[in-house]
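I opened this model to look up a few residues, the helices around them and the pocket. My notes follow in the order I took them.

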Amino acid sequence: ESLGSPRELLEVMLGRAGATLQSEADLAVAIKRDGPDTKALLAELASRGSAVHDDKSQRWLHVDALESGLEEVLAAIGRWFDANPLRELIEVRELRNELGHDAALLAFLLDEGQTRGSVEVLPGGKLRLPGRELQVDPETRALVERLEARLEEAVFQPPSAPELASELGTTPKALAPVLSMLVDGGRIVPLGGELYLAAAHAEA
């Protein structure tokens, strides 16, 4: 097969697109072929493992871009958890803000990551790393116990986060990641305005 074959040209075009999903129509224009021909060529590339199709956006990506994109996503998630060791969940929007990816591309990469068991995509636009366990030191564990006891006691009139921090002998900045950890774990429920309910009261 010559270097200028339509299939090879199509693969080159997909490769040059990098981490940008491509529609069949745009690719047909790029290689100067009609729609059915382009569709058949893409199917051939897919069968050879050179191209992947995103069923949601109905667009295509070169397999190298898929692999490098997924690696980049997992690395960004890992960095975020390293910087936020008490968190169990990361929001997709935070990941998108850091990476700057198109929403469809990021969704495609996360779906692939979930298929491979590298990441768990949860309802509400949240992500979890399978097998990741929180390492909570004794001081934080004691703070958690006192915080939960205070919210259980407060029932439907909880103190605000700054008031909680004062009562528990800590600072709002130090308390914030603990509150987020408990929200992630479903143990407390945010009400807005820096107010939180114990999960048992929120479900009552």
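**Threonine 140 and H7**

I started with threonine 140, which sits in helix H7, residues 138-154. The model is a predicted one, and I read it as such. Is threonine 140 buried or exposed? Its relative accessibility is 13%, so threonine 140 counts as buried, the cut-off for buried being under 20%. I then looked for its contacts, leaving aside neighbours within four places in sequence, and found Leu86 and Val178.

Next I took H7 as a whole. H7 has 17 residues and spans 24 Å from its first C-alpha to its last, close to the 24 Å expected at 1.5 Å a residue. I listed its buried residues: Thr140, Leu143, Val144, Leu147, Leu151 and Ala154. Seen down the axis of H7, these fall within an arc of 105 degrees, so they line one face of the helix. I noted the general rule beside this: an α-helix has 3.6 residues a turn, so residues three or four places apart point the same way. On the other side of H7 I found Pro138, Glu145 and Glu153 exposed.

What do the buried residues of H7 pack against? I wrote down H8, H9, strand E7 (188-192), strand E8 (195-198) and helix H10 (199-202).

Histidine 201 is placed in helix H10. With a relative accessible area of 15%, histidine 201 is buried. Leaving aside neighbours within four places in sequence, histidine 201 is in contact with Leu151, Glu152, Val155 and Phe156. Leu151 is also among the buried residues of H7.

Glycine 192 is found in strand E7.

**The largest pocket**

I then turned to the largest pocket, which has a volume of about 150 Å³. Which residues line the largest pocket? I recorded Ala161, Pro162, Pro172, Ala176, Leu179, Ser180, Val183, Pro190, Glu194 and Tyr196. Helix H8 (161-167) and helix H9 (172-184) each supply at least two residues of this lining. The largest share, 5 residues, comes from H9. By type, the lining divides into 8 nonpolar, 1 polar and 1 charged. H8 and H9 are also on my list of elements that the buried residues of H7 pack against.

**H4**

I moved to helix H4, residues 63-83. H4 has 21 residues and reaches 30 Å from its first C-alpha to its last, close to the 30 Å expected at 1.5 Å a residue. Its buried residues are Val63, Ala65, Leu66, Gly69, Leu70, Val73, Ala76, Ile77, Trp80 and Phe81. They cover an arc of only 150 degrees around the axis, which puts them on the same side of H4. The face turned away from that buried side carries the exposed residues Asp64, Glu71, Asp82 and Ala83.

For packing, I found the buried residues of H4 against strand E2 (51-54), strand E3 (59-62), strand E4 (90-91), helix H5 (92-99), helix H6 (103-115) and strand E6 (126-128).

**Two residues with positive phi**

I checked backbone angles next. Most residues other than glycine have a negative phi. Glutamine 58 is not a glycine, yet it has a positive phi of about 60 degrees. It lies in the loop between E2 and E3. Glutamine 58 is partly exposed, with a relative accessible area of 48%.

Lysine 32, not a glycine either, has a positive phi of about 60 degrees. Lysine 32 lies in the loop between helix H2 (24-31) and H3.

**Proline 36**

My last entry is in H3. Proline 36 is placed in helix H3, residues 35-47. Is proline 36 buried or exposed? It counts as exposed, because its relative accessibility is 61% and the cut-off for exposed is over 50%. Proline 36 and glutamate 24 are 12 residues apart along the chain, and their C-alpha atoms are separated by 9.4 Å.

Methods:
Residues numbered from 1 in each chain as written. Predicted model: local features only at pLDDT ≥ 70, side-chain atom pairs only at ≥ 80, totals over all residues. Heavy atoms only, no water. Helix = DSSP H or I, 4+ residues; strand = E, 2+ residues; numbered from the N terminus. Expected span 1.5 Å × (residues − 1). Buried < 20%, exposed > 50% of the residue type's maximum accessible area, 1.4 Å probe, protein only. Arc of directions from axis to C-beta. Contact = heavy atoms within 4.5 Å. 1 Å grid on protein atoms, 1.4 Å probe; cavity = no way out; pocket = protein on both sides within 12 Å on 5 of 7 lines; lining within 4 Å. Points joined across faces, edges and corners; volume = space filled by probe spheres on them. Nonpolar A, V, L, I, M, F, W, Y, C, P; charged D, E, K, R; others polar.
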